[in-house]
Amino acid sequence: GGSFVVCTSTKGAAQALGESALSPSTSALDEPRTRVMLAIDEDKEWLSDMDCFIRRNVEVFCATEEDVAAAQSDRKYPISLGQVGIRCIHCAVNEKDG
């Protein structure tokens, strides 16, 4: 599978997201891109256990052509190629599986 990125800073997360966006687009048959997780190491010092759990299950992503196509039928507002968003890591995997 793909790799997960747990960053220790906002700058590190932004850098990882930028590198992910520059990588070639992947199809459902390819390895998934590197994930940029919303969680950071310091979360446990400032957030509740539930907030930490939620953040560990959310990723930041740049919309690919697949994401734009998938969102056309079920979104009130369209998304654009390269648009940054957040999503559940489990739902993102299920979308790729069909």
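User: Two strands pair if DSSP finds at least two bridges between them. How many bridges join strand β3 to β4?

Analyst: This is a predicted model, with local features needing pLDDT of at least 70, side-chain atom pairs 80 or more, and totals for chains, interfaces and linings using all residues. Residues are numbered from 1 along each chain, and side-chain values use heavy atoms, without hydrogens or water. Strand β3 covers residues 58-62 and runs antiparallel to β4 (strands are DSSP E runs of at least two residues, helices H or I runs of at least four). In β4, Ile86 is the bridge partner of Val60, and the bridges joining β3 to β4 number five.

User: Which element gives the most to the lining of the second largest pocket?

Analyst: The pocket holds about 320 Å³ of space (an open set of 1 Å grid points for a 1.4 Å probe, protein on both sides within 12 Å along at least five of seven lines; lining atoms within 4 Å of a point). Of its 17 lining residues, Phe61, Asp67, Ala71, Arg75 and Ile79 are the closest to the centre. Elements giving two or more residues are α4 (65-71), β4 (84-88) and α5 (89-97). The most, five residues, come from β4.

User: Which residues make up the largest nonpolar core?

Analyst: Core members are buried (under 20% relative accessible area, 1.4 Å probe) and joined through side-chain atoms within 4.5 Å. Beyond four places in sequence, Val68 is in contact (heavy atoms within 4.5 Å) with Ala63, Ile79, Ser80 and Leu81. The core has five residues: Phe61, Ala63, Val68, Ala71 and Ile79.

Methods. Points joined across faces, edges and corners; volume = space filled by probe spheres on them. Buried < 20%, exposed > 50% of the residue type's maximum accessible area, 1.4 Å probe, protein only.
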